Amino acid sequence: HKRDEQLRYMCFLPLAHILQRQVTVYCLSRGIGLGFLHKPDPSIMVEDMKILKADFAALVPRILTRFEAGIKGSLEKTSIQNTLVTNFLDAKQARLTTKGGPDKSLMNCLVFQRVLVDKIRDSLGLNNCDFIVTGSAPISPDTLLFLRSALDMGMRQGYGLTESFGGAAVSE
């Protein structure tokens, strides 16, 4: 966590959802500010994320696959741009699968962050976001790898059951 700053979290799921309950309890126990959608409509989530500037979020696979499709759709505008971006994302995904952890290379910090990653994160309202937690349903490992490389942030996947009061484990 960031020290000496008020952390913020966007509550996207309904409070009846066990993942949302657990994350909300964690946030309340740590003094993390909670933000809620101003309308119960997932289509305005990005709008609200841009206003709140959340430090982390818990999202379901359905939303993450929409993010993936939106990013891929916006990157397919020109062939030159698409080739460069595809090469960058392929290299980043290969690095993540072999080494793991955050990418602190000079190329990533000086070029790709400024040219691509910051723009993608800004378009989704994830500027301040350090990581995303996902749960409630299975998600494709390819989707997680793509989002992890395109957004250059941690992706944590939770496992649990409502019947056993929620989360049992979280993995990266």
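Predicted model: local features only at pLDDT ≥ 70, side-chain atom pairs only at ≥ 80, totals over all residues.
**Around helix α3**

Leu 64 counts as buried, with a relative accessibility of 0%. Leaving aside residues up to four places away in sequence, Leu 64 touches Leu 59, Ile 132, Thr 134, Ile 139, Thr 143, Leu 147 and Met 155. One of these contacts, Thr 143, sits 79 residues from Leu 64 along the chain, yet their C-alpha atoms are separated by 7.7 Å.

Helix α3 covers residues 61-75 and also holds both Lys 72 and Glu 68. These two form a salt bridge, with 3.0 Å between the closest N and O atoms. A search of the whole structure turns up 1 salt bridge. An α-helix has 3.6 residues a turn, so residues three or four places apart point the same way.

| Residue | Relative accessibility | Class |
|---|---|---|
| Leu 64 | 0% | buried |
| Glu 68 | 11% | buried |
| Lys 72 | 36% | partly exposed |

**Around helix α2**

Now for helix α2, which spans residues 45-52. Which of its residues are buried? They are Met 45, Asp 48, Met 49 and Leu 52. These residues lie on the same side of α2, because they cover an arc of only 105° around the axis. Just after α2 comes Lys 53, whose phi is positive at about 55°.

Note on methods: Residues numbered from 1 in each chain as written. Heavy atoms only, no water. Salt bridge = Lys/Arg side-chain N within 4 Å of Asp/Glu carboxyl O. Helix = DSSP H or I, 4+ residues; strand = E, 2+ residues; numbered from the N terminus. Buried < 20%, exposed > 50% of the residue type's maximum accessible area, 1.4 Å probe, protein only. Contact = heavy atoms within 4.5 Å. Arc of directions from axis to C-beta.
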